[in-house]
Amino acid sequence: MPDAEADVRPSPQGLAARRALLAHPVVLLVGIVLASVNMRAALASVSPLVGEISDSFGLSSTASSLVTSVPVLFLGLGALVAPWLARRFGSEPVLLFALLLLAVGIVVRVAPSAVALYGGGVLVGTAIALLNVLMPGLIKRDFPDKAASMTSVYTGAMIAGATLVAASSVPLEKAFGGSWEASLAVWSLLAVLAAVAWLPQVLIARGRTGHEVRTGASAGASPSGAAQDTTSGAAGRSVWRSALAWQVTLFMGLQSLWSYVLIAWMPTIFTDHGMSRSTAGVIFAFNNLIQVAGAFAVPLLAGRMRSQRPLIVLVTSLVAAGYAGLMIAPVSGAWLWSGVLGIGQGGAVGLALTLIVLRSGDARTAARLSGMAQTVGYLLAAAGPLAAGAVHQATGGWTVPIALVLGVCAAALTVGLFAARDRTV
């Protein structure tokens, strides 16, 4: 998994602070779980309410898609600066800042202004980007012998948070007298709770910040650890010049694209075909929940294979089958398609993250490849909800947008078969 502090060598003071932090495993575990719960919650809360948000501001389908696309865009842009922030200030303070920024972004997003709606999305996306990049590295750093199990914990908490929020958004709106603003704003409290739980770790680890020294390899690195780094890989090339790195990156981006199209539009697809908003929200929550199965099983299988090509075929086929079902029988087969998509989505994201590790020759290359894959991948994924909304608006239906996503599945299958070869960057 990526380590945002891969180019930092802790001093004796830093190691002592780290040992003090690990002497409080319950505090650390609670902080990790609560922070992870917030990593998708703010995105999943919007999708069941996008119709009401659009009506409030008079937004077109294309403009509505920006409510989801803007945060995803800043998932990529935020990933550029996350490693630099971690090296400069330490992972714990930056994670605390990210949680507070997330809470602020959620509140700003519900202000009575379209500008605030999108501006809050910028803050939300940036905050989640910091969490996305820093959490795996922190787990790798502090739990080197339990990285796999702790990764399952944080991934499960992330999906559980999305499931809870997706299932609760519409009922909360009704409980607050039809206020979608209150339904969205309430999740800022979840981010504040996680920040409170994270504060003790910042205080324990504060002696580490400023006591690290950079390794020679990082002295000329850019904030993203990208093009200026020429030490990555066995051949001494930048990962940005590696065809295999681009294949891994494109698979990450394409699978993210199809997932964020669903995050943005799945409930709307159902309601446009006559399903109630409450039922659509529950089915959307089920889709998030079932992703746990794929996210847990596929990486375990991938680690036991020299080539992951069979898994590439499996996850892309499941996602394609689910999307085809949404095109053919969106309401009568809703639960089935939601489950098939969930297993495929969870398996694909788990496989994409695993490929970063398996295709890297060392830890530093893994950190570089992760930064590249998350930056480019999320920038590519941001186009998905926007394009789907624009095509839906132009055609008046969901057949053409879904057909285009099936093309994305074909592209992911093609590039994934190259990325799954038994080679390293």
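This is a predicted model: local features need pLDDT of at least 70, side-chain atom pairs count only at pLDDT 80 or more; totals for chains, interfaces and linings use all residues.
**The chain overall**

The chain folds into 16 helices and 2 strands. Its length is 425 residues, and 57% of them count as buried.

**How some of the helices pack**

Two packed helices are described by the angle between their axes and the distance between the axes. Here are two pairs that can be set side by side.

| Helix pair | Angle between axes | Distance between axes |
|---|---|---|
| α12 (residues 309–328) and α16 (residues 399–419) | about 175 degrees | 9 Å |
| α11 (residues 277–302) and α13 (residues 334–358) | about 40 degrees | 6 Å |

Take the pair α12 and α16 to begin with. An angle over 145 degrees counts as roughly antiparallel, and α12 and α16 are therefore roughly antiparallel to each other. On the α12 side, the residues that meet α16 include Ile312, Val313, Thr316, Val319 and Tyr323. On the α16 side, Ile402, Val405, Leu406, Cys409 and Ala412 are among the partners. By class, this contact of α12 with α16 has 16 nonpolar, 3 polar and 1 charged residues.

Helix α12 also has a neighbour in α10 (residues 243–272): the two axes come within 12 Å and cross at roughly 25 degrees. That makes α10 roughly parallel to α12. The crossing of α10 past α12 is left-handed. From α10, the residues Phe251, Trp258, Val261, Leu262 and Phe270 take part, and they meet Ile312, Val315, Thr316, Val319, Tyr323 and Leu326 of α12. This contact of α10 with α12 divides into 10 nonpolar, 1 polar and no charged residues.

The pair α11 and α13 crosses in a right-handed way. Its contact holds 14 nonpolar and 11 polar residues, with no charged ones.

**The nonpolar cores**

Which residues have the most contacts inside the largest nonpolar core? They are Phe251, Trp258, Tyr323 and Leu351, in a core of 79 residues. Helix α10 gives the most to this core, with 17 residues. Apart from it lies another core, of 30 residues, which includes Leu34, Ala35, Met135 and Met158.

Leaving out residues up to four places away in sequence, Trp258 touches Thr316, Val319, Tyr323, Gln345, Ala348, Val405, Val408, Cys409 and Ala412.

Leu131 has its place in helix α6 (residues 114–142). Is Leu131 buried or exposed? With a relative accessible area of 0%, Leu131 is buried. Beyond its neighbours within four places in sequence, Leu131 is in contact with Ala35, Met39, Leu95, Ala98, Leu99 and Pro136.

Ala42 lies in helix α2 (residues 25–44). Its relative accessibility is 1%, so Ala42 counts as buried, given that buried means under 20%. Setting aside neighbours within four places in sequence, Ala42 is in contact with Leu102, Ile106, Arg109, Val124 and Ile128. Val124 and Ala42 are 82 residues apart along the chain, with their C-alpha atoms separated by 7.3 Å.

How values were computed. Residues are numbered from 1 along each chain as its sequence is written. Side-chain values use heavy atoms; hydrogens and water are left out. Axes are lines fitted to C-alpha atoms, for helices over the stretch in contact, and angles run from 0 to 180 degrees between N-to-C directions. Helices (H or I, at least four residues) and strands (E, at least two) are DSSP runs, numbered from the N terminus. Angles under 35 degrees count as roughly parallel, over 145 as roughly antiparallel, 65 to 115 as roughly perpendicular and the rest as oblique. Contact means heavy atoms within 4.5 Å. Ala, Val, Leu, Ile, Met, Phe, Trp, Tyr, Cys and Pro count as nonpolar, Asp, Glu, Lys and Arg as charged, and the others, Gly among them, as polar. A crossing is left-handed if the near helix is turned anticlockwise from the far one by less than a right angle, and right-handed if clockwise. A nonpolar core is a set of buried Ala, Val, Leu, Ile, Met, Phe, Trp, Tyr and Cys residues joined through side-chain atoms within 4.5 Å. Buried means under 20% relative accessible area, exposed over 50%, partly exposed in between (1.4 Å probe, protein chains only).
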